[in-house]
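Biologist: Could you walk me through this model? I would like to go over the contacts between its chains and then its pockets.

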Amino acid sequence: MSLFDHTIKELEEKLHNKEITVKDLVDTSFNRIKEVDEDVKAFITLDEENAYAKAKELDDAPDTDKTGALFGIPGGIKDNIMTNGLRTTCGSAFLDNFNDPLYDATVIEGLNKEKAVTIGKMNMDEFAMGSSNETSYYAATRNPWNTDYVPGGSSGGSAAAVGAGEVLFSLGSDTGGSIRQPAAFCGVVGLKPTYGRVSRFGLAAFASSLDQVGTITRTVEDNARVLEVIAGQDKMDSTSANVDVPSYTEALTGDVKGLKIAVPKEYIGEGVDPEVKEAVLNALKVYESLGATWEEVSLPHSKYAVAAYYLISSSEASANLARFDGVRYGVRSENADNMLDMYKNSRSEGFGKEVKRRIMLGTFALSTGYYDAYYKKAQKVRTLIKNDFDKIFEDYDVVIGPTTPTPAFKVGEKIDDPLTMYTGDLLTIPVNLAGTPGISVPCGFSETGLPIGLQIIGKHFDESTVYRAAHAFEQATDHHTKRPQLGGVSK
Amino acid sequence: MSDITKDQVKHVAHLARLAITEDEAAELTKELSAIIGFAEQLNELDTEGVEPTTHVLNMKNVMRKDEPKATITQEEALKNAPDKKDGHYRVPAIMD
């Protein structure tokens with residue numbers, strides 16, 4: 001048994017009782033990384049020296065100073081979140097030499113204040129554009145449950161590392177499902193908070209109207225605990241909302257009696273794998289047994305979400321990624337005699353195929369003569385999708401369905417077919433377009449031993465109800481206690 | 001409308017400041033046509049009178065006081081630059 005089979009709360013007690021030290025926890029991380037990361041490839045950069053220095057500092061502190069909601073807890077940070085003095089690549093060749101972002105993202109300041117220990121920076125799809133981690137410049141992260149399969153993306157390293165027991169929690173970012181989908185594929189808990197719940201100051205921007213930082217853990221309780229640390233308004237991010245942060249851990253009462261669940265028929269219909277559908281229907285039976293009720297509803301515009309999403313997110317990305325010009329940071333092309341060629345060659349050499357494809361799509365959708373037909377049209381459809389959710393939340397507390405239509409797919413299976421890759425995100429994307437919170441929790445396994453995720457979607461800023469529903473289900477089932485046997489399929 | 005030409009792709013690449021080869025232009029023409037073709041399904045929806053959503057939260061013009069404070073030094077600002085000289089970023093010639 002690994003120390004990481006305990007919850008943060010249990011480890012806090014063990015630290016308090018001096019059964020273990022912070023160094024033991026950091027050892028647990030690095031020993032496991034040495035054991036499995038050659039296969040899993042969850043990390044881009046390890047921060048071993050600083051992690052041990054921090055462990056020593058925390059262990060040596062007087063007992064009265066040994067406080068902090070994440071005291072001594074080893075975590076991984078997605079590599080698009082700025083870490084002062086620690087290389088931040090966004091999974092891109094362009095930022096391979098970006099060795100010092102010079103500041104900490106606000107979420108990192110939060111972790112530091114509560115004395116978490118950063119183990120390293122997590123592998124990801126380049127600039128968070130991808131659903132399989134195969135677009136990473138560094139390596140394709142593998143699924144800890146079966147390394148022939150993808151971990152999902154774009155926060156694939158963050159989810160795989162938690163699933164493989166390399167860290168106890170990680171931060172990711174979710175623009176169209178990039179936390180929830182890899183969490184589902186790797187059998188862990190991943191939350192995308194409400195748009196505006198968590199500061200994005202220091203998150204490399206992909207699609208600004210959709211991006212949100214969130215948490216990946218093994219249990220719902222741990223997840224709630226980490227969110228409490230990073231949530232809240234930040235004067236450095238004008239899109240972070242002035243809404244009080246409640247105690248999410250206090251919401252975990254186990255009581256879902258009378259909870260009204262909506263199940264969109266589009267989420268259990270055509271295109272959803274029968275195994276996935278069965279796992280979700282079984283989860284609904286668990287909710288019934290706990291005293292909740294569910295009814296089938298419709299999100300009639302959900303089938304248009306993928307198309308609207310790719311136009312909106314790519315358009316915003318084409319603008320956001322204009323900053324990568326090879327002047328202030330990043331890798332500059334050596335083949336350029338003039339300024340224009342320097343821009344073009346640096347970007348073409350530094351960006352991978354998928355990133356270029358999206359910049360091209362976005363630039364096209366925003367260009368003269370096409371703006372109204374594509375970008376503005378997509379934003380109008382976004383309104384219809386958001387209205388669908390608003391209407392359902394008038395009568396129900398949460399929306400429940402699968403996180404993904406299928407379990408993880410094989411490495412190489414979809415990478416040459418962008419449209420097929422994109423349409424796999426059809427169940428997570430509407431949540432980003434509507435800006436609501438959504439979580440993925442383990443709800444079963446496929447016949448081949450791959451995890452299946454249950455998605456629970458809540459009202460704006462009602463993470464408490466999402467967590468309460470997720471926790472009650474988790475406590476009534478044992479899916480979250482299963483562990484992968486790395487290197488082969490296991491149940 | 002969904003048929004994008006290779007010339008259009010080259011023009012868009014220039015706008016996006018990307019250098020692409022003839023082969024890449026051909027491939028992107030095919031891929032972008034497929035993706036735009038897929039996106040044309042949005043035209044099935046009547047969006048007459050529907051307001052576009054640019055931002056899901058009901059907030060605008062978030063203001064704060066303009067208070068000067070020290071952030072990073074000139075040396076730090078230049079730390080990650082690929083080329084620099086005398087405290088400035090250095091770039092190739094802008095004009096021929």
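This is a predicted model: local features need pLDDT of at least 70, side-chain atom pairs count only at pLDDT 80 or more; totals for chains, interfaces and linings use all residues.

Biologist: Which element gives the largest share of the side of chain B that touches chain A?

Modeller: Helix H1 (6-15), helix H2 (22-39) and helix H3 (74-79) of chain B each give two or more residues to that side. The largest share is 10 residues, and it comes from H2(B).

Biologist: About how much area do chain B and chain A bury between them?

Modeller: Start with the contacts: 54 residues of chain B touch 68 residues of chain A. On the chain B side, B:Leu42, B:Val56 and B:Asn80 lose the most area, together 12% of what that side buries. Carbon and sulfur atoms carry 69% of the total, which is about 5,500 Å².

Biologist: Nice! What is the volume of the largest pocket?

Modeller: Its lining has 31 residues, with A:Met82, A:Pro101, A:Tyr103, A:Phe201 and A:Gly202 nearest the centre. Helix H4 (106-113) of chain A and H3 of chain B each give two or more residues to that lining. By class, the lining holds 17 nonpolar, five polar and nine charged residues. The volume of this pocket is about 840 Å³.

Technical notes: Residues are numbered from 1 along each chain as its sequence is written. Chains are lettered from A and ligands numbered from 1 in the order in which they are written. Side-chain values use heavy atoms; hydrogens and water are left out. Contact means heavy atoms within 4.5 Å. Buried area is the accessible area (1.4 Å probe) that two parts lose on being put together, summed over both. Helices (H or I, at least four residues) and strands (E, at least two) are DSSP runs, numbered from the N terminus. On a 1 Å grid over the protein atoms alone, a cavity is a set of points where a 1.4 Å probe fits but cannot get out, and a pocket is an open set with protein on both sides within 12 Å along at least five of seven lines; lining residues have an atom within 4 Å of a point. Grid points are joined across faces, edges and corners, and a volume is the space filled by probe spheres set on the points. Ala, Val, Leu, Ile, Met, Phe, Trp, Tyr, Cys and Pro count as nonpolar, Asp, Glu, Lys and Arg as charged, and the others, Gly among them, as polar.
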